[in-house]
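Reader: Could you walk me through this model, one question at a time?

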Amino acid sequence: MGFIKSRIENFMLASKILHDLQEQTKALPEHLVNINQNTPTNRADVIIIGSGITAAAVARSVLLESRRLGVSRRVVVLESRTLCSGATGRSGGQIQGSPHEQFDDLRRSVGFAHAASIIRFQISQIQELAKLCAAEKWDIADFREVETVDFYLTDEERDAAFEKAKTAKRYVPELAFRMWHGEDARRYFGGNRNIRGAVSYLAATISPFRFVSCVWKSLLSQYPFFLYMKTNATVVSVQTPVSKDHGYEVITTHETFKCDHVVHATNAFAGELIPGLRGKLTGILGTMTALRPSGRFPNVNGRRSWVVSYGHGYDTATERPTTGRRSGDIIDDSRLEPLQLAHLHGILPALFAFYRAEELDGWRTKRMWSGVMGMTGDLLPFVGRLDTSLTYRSPGVYYDNLQTVQPSEWISAGYCGKGMAWAWLCGTSVGIRIAGTENEDAPPYPGRPAGPLRHWLPHGLEPTLERLEKADLGNLVHRFF
Ligand SMILES: Cc1cc2nc3c(=O)[nH]c(=O)nc-3n(C[C@H](O)[C@H](O)[C@H](O)COP(=O)(O)OP(=O)(O)OC[C@H]3O[C@@H](n4cnc5c(N)ncnc54)[C@H](O)[C@@H]3O)c2cc1C
């Protein structure tokens, strides 16, 4: 009997691995990585620059909203490197880490009520991503709701964090925090006496590269005549056209496109094509390592993620499940910061080893890479229509027809290291505005909340001139040092 049971288990394990491999092969976007589709003409309705999570969200909402209205719109995506090779392909994939810390930052800059609406928006992004991955059966995107724990390494920082969590909960009661003093935290989460306390809550993780690949793959199969993608196509300039029959000319290293709408989904690089954002949006380098843990590091099979907070800085860690392990979706970058690497290599052993040499021995850095995060001077993303005084160019045409959304340049960028909590719904909102449905009481569909935009998009994200005046990058010096 035992023999039969074990054979059945072995068979089930073998078929699961086979199934995982088949799923992986189906979802692995080898043919997409360097995709270069010919467009029927060089005229598009919407050009999206970039191919990360923001670009995917914009494209999806333009195409879905247009289909809902029965309108045909051609979308062309231009990516300077390989598909999804920017921050999205390098991200840790933690969604909404440290909401109490974020709430505290936000309430100082925008007030309590606005801060609460932003945190709620991020919670709704988690819900929409969950619904979308479930509806489309994108298991490979590895979306998981996880218990997330923030560790504090001094009593002062722990006590301050408890206060922040209590305040955040008063304004956003749906945030369920648990607060842990040193001994309790160490007993429950593992770790040594360097951990002085913890705040835990429910958040989520995702594999951003796989998720975005699923979106592109699905859109390409649903809209073969309306979506075209080109990688290795750097946009070198956007210009006002000479002729008055379209909005803009978008010039790449190889060709020129005509279109009515240009979307800058270029994250930290947005300032290159939008001169007015220089000094308001910049990039900072983030470093990632894949570690093989050792010693008493708790194996919870991917159900937990960690944040280590100190002062104005933090590290995050997620665990991949032991089953269904997959690799190969990280694009290496050439630039690595040695001090960041040394820190990352050491921080987890410093918290989870108990100072016996053999415990420290087993930790091994398996891979390391870096990527650029887009930071804005007021720590909020720029989402919406770009004023012509920021782009230094006007569209070639304005339509008389009030039903048509006027040709414009748009942006969704600068998520300040928290793109997984912002980018999907921000990008979706831009697509909805281009489609002209922002005021409609629209039905929900997975990945998009119901109702008019103003019901779910926090206000104050538009890159208005008034806002930009106060969003100087100089603020960050004051903020972080
Ligand atoms: C190392 C690292 C770890 C991170 N971890 C987390 C995390 O755990 N949780 C979290 O919430 N956020 C995290 N982030 C932030 C998050 O990854 C980003 O905010 C998010 O991926 C931004 O997505 P995006 O689509 O706007 O930009 P990107 O993914 O950067 O895409 C922009 C694309 O535009 C392309 N591009 C730029 N200029 C041009 C041009 N002129 N022509 C054509 N194409 C162009 C780039 O090649 C790039 O592919 C992390 C970021 C980094 C770098």
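Author: Gladly, and let us start with terms: two strands pair if DSSP finds at least two bridges between them. Helices (H or I, at least four residues) and strands (E, at least two) are DSSP runs, numbered from the N terminus. This is a predicted model, in which local features need pLDDT of at least 70 and side-chain atom pairs count only at pLDDT 80 or more, while totals for chains, interfaces and linings use all residues. Residues are numbered from 1 along each chain as its sequence is written, and side-chain values use heavy atoms, with hydrogens and water left out.

Reader: In what order do the 3 strands of the open sheet lie?
Author: The edge strands, each pairing on one side only, are strand 8 (235–239) and strand 10 (256–259). The pairing is antiparallel, and the order is 8-9-10.

Reader: Which way do strand 11 and strand 17 run, parallel or antiparallel?
Author: In general, strands of a sheet pair through backbone hydrogen bonds, either parallel or antiparallel. Here Val-263 has Trp-410 as its bridge partner in strand 17. Strand 11 and strand 17 (residues 408–413) are joined by 4 bridges and run parallel.

Reader: And which residue of strand 11 stands opposite Val-46?
Author: Strand 1 (residues 46–49) and strand 11 are parallel, with 4 bridges joining them. The residue opposite Val-46 is His-261.

Reader: Which residues of strand 11 point one way, and which the other way?
Author: Side chains in a regular strand alternate between the two faces of the sheet. In strand 11 (residues 261–264), all of these residues are buried (under 20% relative accessible area, where exposed is over 50% and partly exposed lies in between, with a 1.4 Å probe and protein chains only). His-261 and Val-263 point one way; the other way point Val-262 and His-264.

Reader: Is Ser-61 buried or exposed?
Author: Ser-61 has its place in helix 3 (residues 53–69). Contact means heavy atoms within 4.5 Å, and, leaving aside neighbours within four places in sequence, Ser-61 is in contact with residues including Gly-427, Ile-432 and Tyr-445. Because its relative accessibility is 3%, Ser-61 counts as buried.

Reader: Is Asn-439 buried or exposed?
Author: Asn-439 is found in the loop between helix 12 and helix 13 (465–469). Not counting residues up to four places away in sequence, Asn-439 touches Pro-452 and Arg-454. At 58% relative accessibility, Asn-439 counts as exposed.

Reader: Last one: how far apart are the C-alpha atoms of Asn-439 and Gly-451?
Author: Along the chain, Asn-439 and Gly-451 are 12 residues apart. Their C-alpha atoms are separated by 7.9 Å.
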